[in-house]
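Me: I have a model open and would like to know what stands behind the words used for it. Could you take me through a few of them?

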Amino acid sequence: MTLQPICRRWLASAGFLLLVTAGVAAVAAPARYVRYAEAAPILSELAVAGALPPELSGLTNAQREAAWPAWIERHDKDVRARLEQGDEDTIVNWLLFGTSFTSKPRAILGAVEGNNTNPASPADRELILRRTVELIGARLDDLLKALSNPGTDERRVFARRLLERKGQRFGTAAGLDGVRQYLLGAVMRVAQEQEHVDQEIGATSGGDSIAEFVQRSRLFRTRGLSLDTSLLPNYALEQSMAAMKARGLLKAGGLKRVAIVGPGLDFADKDVGFDFYPQQTLQPFAVLDSIKRLGLGPPMPAGVEIVLLDISPRVIDHVIQAHARAVKGIGYRLHLPLPRATPWLPEIRKYWETFGNQIGDPAQASASKAILDQVELRAVRAAPAAVQRLSVANLNIVTERIDGEAFDLMIATNVFIYYDVLEQALAMTNVEAMLKPGAFLLANVAAPPVRALTIRPVDTQTTMYARAPNQENILDFIVWYQAHAQ
């Protein structure tokens, strides 16, 4: 079984809210750090279990309360610092899988794309490994050429600037050799981290799927924060919202304000790694599309407000720029590649075929023959009015919350898996504080086993994406968490 990976400029002050939408309600107050009194039940429980970080363990309640303001501020900075490593991981993924800077095959660690053999001997495995290393080196040569003259390409400019912030230089042969060694080191680090993740997955495989889901819900707690996303969880979200409406948990027209935690921004998409289209944020438009399709939002012109809660300056800047274009009457183009080799279920294909029909119109989609041999491709242009339903707030869900008017629904997919037990517990309490009583969080993660949490799971929706004989299924679990559940 394969679970979908469960796959920011600091503005003025912590949690400063950017309203980038005309005609939508403002959030009542800017974000603030979680207070000690709000975190105390969690901290006390984890202290007894010996599960607090060293700076907070072994302290009396009074000492912990005195240490809290400095700790929460420092931890906020630590969480945000993980974005840099996540960006570096994204560049490694781009190096291995990208198509815009090279014509060479993708480099899959431990294999070579197009090789269908199943090596039985150590000699065969060594040959595959050597060919993979050679391919990575060749792709790296092409990437260095592209980064040496990035032009205006957004990915190349971003990658070069990140590497320059790391002290790398492109102006000399010695500098380029330094960049090469740095990126090779990054590839090795990512490979080692992936091996560790694979070992954790292996330790949980073969049993009950729900038990595996629980075990994997903190799988990336030590990795960099990744922004790359996938279309698939959005189908699972739509299925959950439809089931909740059928059970009366969500009412027609009842979703006026919806928050999305970590909406993501595709540099190279999480499923295949393609980079032949401009960077895009997919989930805000997917959620808006589903809410309209299911009749869960208010009728126009009021409509639903989608508030994006994120700490990535890349996400924030991207949404601001999209809004500025929408004000001028320019829509937002979404590219939707669907890998041909995956045995998608018919309902997934139908979702892909109809995606976006509530918020925009079909748009022209083009790619090279080599790419079209691997994927089916659609594009949708979201209407300017749809873009203007979005607003964005700089908020760290682990350390911050927004007081004031609450949300009718919150969504967080492929987000909480990057955090440990304490961080997830703090995030859950912050989510609950921003939800109306009885409102829901939809997340593809199992909440940590902390009794002090009062947001409760009501049900779990299992969604299958692909099923094939003798292959691992691709599926997801969306848990319905209810705030202040009785």
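This is a predicted model: local features need pLDDT of at least 70, side-chain atom pairs count only at pLDDT 80 or more; totals for chains, interfaces and linings use all residues.

Me: What is G224 in contact with, leaving aside its neighbours within four places in sequence?

Reply: Contact means heavy atoms within 4.5 Å, and on that basis G224 touches R82, Q85, G86, D89 and Y418. The C-alpha atoms of G224 and D87 are separated by 7.6 Å, although the two residues are 137 apart along the chain. G224 itself sits in the loop between α6 (209-215) and α7 (232-246); helices (H or I, at least four residues) and strands (E, at least two) are DSSP runs, numbered from the N terminus.

Me: Why is N414 called buried?

Reply: N414 has 9% relative accessibility, so it counts as buried. N414 also lies in a loop, between β11 (407-412) and α13 (421-433). Its phi is positive, about 55 degrees, although N414 is not a glycine. Most residues other than glycine have a negative phi.

Me: How do you know that α8 is largely enclosed by the rest of the structure?

Reply: Of its 12 residues, 10 are buried, so α8 is largely enclosed. Among the buried ones are F285, V287, L288 and I291. The expected span of a helix is 1.5 Å times one less than its number of residues; α8 (residues 283-294) reaches 16 Å from its first C-alpha to its last, close to the 16 Å expected. Just after α8, G295 takes a positive phi of about 70 degrees.

Me: What makes a set of residues a nonpolar core?

Reply: The members must be buried Ala, Val, Leu, Ile, Met, Phe, Trp, Tyr or Cys residues joined through side-chain atoms within 4.5 Å. The largest such core has 115 residues, and I306 is one of those with the most contacts inside it. Strand β14 (residues 474-482) gives the most to this core, with 7 residues. A second, separate core of 27 residues includes I91, L96, F97 and L147. Contacts of I306 include V287, L288 and I291, which are buried residues of α8.

Methods: Residues are numbered from 1 along each chain as its sequence is written. Side-chain values use heavy atoms; hydrogens and water are left out. Buried means under 20% relative accessible area, exposed over 50%, partly exposed in between (1.4 Å probe, protein chains only).
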